[in-house]
Amino acid sequence: MCLTGGFALAMMTEPAVVAPVLSQPSIPAPLGAKRRAGIDASPQEVACARQRFAAEKLSMIGLRFKSDAAVPDARFATYRREFGDRFEAIELEDADAQPSERPPHSVLTVHMREDGPTKAAEQRVIAFLKERTGA
């Protein structure tokens with residue numbers, strides 16, 4: 001979830017991790033000019049993930065609401081730049097969110113609706129995990 005996005009990516013250094021999902025990855029925070037594009041993973045972790053994505057034909061999913069200030073455009077641009085087509089971005093509109101007192105942020109929990117694009121995102125994540133783990 002939001003505080004563990006970089007952790008899921010960094011865990012790619014562990015061979016058992018084969019299906020990283022970064023749902024609204026909001027770390028590093030607070031957001032300043034440099035941190036907007038940050039992905040909370042070291043250059044060595046990024047290199048390891050790239051190598052594994054290529055060698056093992058792996059990939060990752062990232063999810064966010066496009067208006068979410070905690071997960072800025074620059075952050076997803078970094079994922080795209082670093083991982084190319086190995087990064088599957090699922091970016092949702094505010095109108096896709098379950099209404100709440102808080103602005104849209106939690107794609108797979110608080111703001112997930114039982115139909116529409118957020119439900120489709122949940123189903124994509126489940127399918128991804130099943131594909132990667134053979135479950």
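Trainee: How many residues does α4 have, and what distance does α4 reach from its first C-alpha to its last?

Mentor: Please keep in mind that this is a predicted model. Helix α4 has 17 residues and reaches 24 Å from first to last C-alpha, close to the 24 Å expected at 1.5 Å a residue.

Trainee: Which residues in α4 are buried?

Mentor: The buried residues of α4 are Thr118, Ala121, Glu122, Val125 and Phe128. Viewed down the helix axis, the buried residues of α4 fall within an arc of 120°, so they line one face of the helix.

Trainee: And what covers the buried residues of α4?

Mentor: The cover includes β1 (21–23), β2 and β3.

Trainee: Let us move to the strands. How do β2 and β3 run, and how many bridges join them?

Mentor: Strands β2 and β3 run parallel, and 6 bridges join them. Together with helix α3 (residues 73–83), these strands make a right-handed β-α-β unit.

Trainee: Now the charged pairs. How many salt bridges does a search of the whole structure find?

Mentor: The search finds 11 salt bridges. In general, side chains of opposite charge can pair when their charged atoms come close.

Trainee: What does Arg64 pair with?

Mentor: Arg64 forms a salt bridge with Glu91, and the closest N and O atoms are 2.8 Å apart. This pair links distant parts of the chain, with Arg64 in strand β2 and Glu91 in strand β3, 27 residues apart. Arg64 also stands opposite Glu91 in β3.

Trainee: Is Arg64 buried or exposed? And what about Glu91?

Mentor: Arg64 counts as buried because its relative accessibility is 2%. Glu91, at 26%, counts as partly exposed.

Trainee: How far apart are the closest N and O atoms of Arg80 and Glu91?

Mentor: They are 2.5 Å apart, and Arg80 and Glu91 form a salt bridge. Arg80 lies in helix α3 and Glu91 in strand β3, so this pair ties together parts that are 11 residues apart in sequence. Salt bridges that share partners join Arg64, Asp73, Arg80 and Glu91 into one network.

Trainee: Where do Arg52 and Glu56 lie?

Mentor: Both lie in helix α2 (residues 43–56), 4 residues apart, about one turn of the helix. Arg52 and Glu56 form a salt bridge, with 2.8 Å between the closest N and O atoms. At 4% relative accessibility, Arg52 counts as buried, whereas Glu56, at 39%, counts as partly exposed.

Trainee: One last topic. Where is Glu101 found?

Mentor: Glu101 is found in the loop between β3 (87–92) and α4 (117–133). With 86% relative accessibility, Glu101 counts as exposed. Glu101 and Glu82 are 19 residues apart in sequence, and their C-alpha atoms are 35 Å apart in space.

Terms used. Residues are numbered from 1 along each chain as its sequence is written. This is a predicted model: local features need pLDDT of at least 70, side-chain atom pairs count only at pLDDT 80 or more; totals for chains, interfaces and linings use all residues. Side-chain values use heavy atoms; hydrogens and water are left out. Helices (H or I, at least four residues) and strands (E, at least two) are DSSP runs, numbered from the N terminus. Buried means under 20% relative accessible area, exposed over 50%, partly exposed in between (1.4 Å probe, protein chains only). Two strands pair if DSSP finds at least two bridges between them. A crossover is right-handed if, with the strands pointing away from the viewer, the path from the first strand over the helix to the second runs clockwise. The expected span of a helix is 1.5 Å times one less than its number of residues. The arc is that of the directions from the helix axis to the C-beta atoms. Contact means heavy atoms within 4.5 Å. A salt bridge is a side-chain nitrogen of Lys or Arg within 4 Å of a carboxyl oxygen of Asp or Glu.
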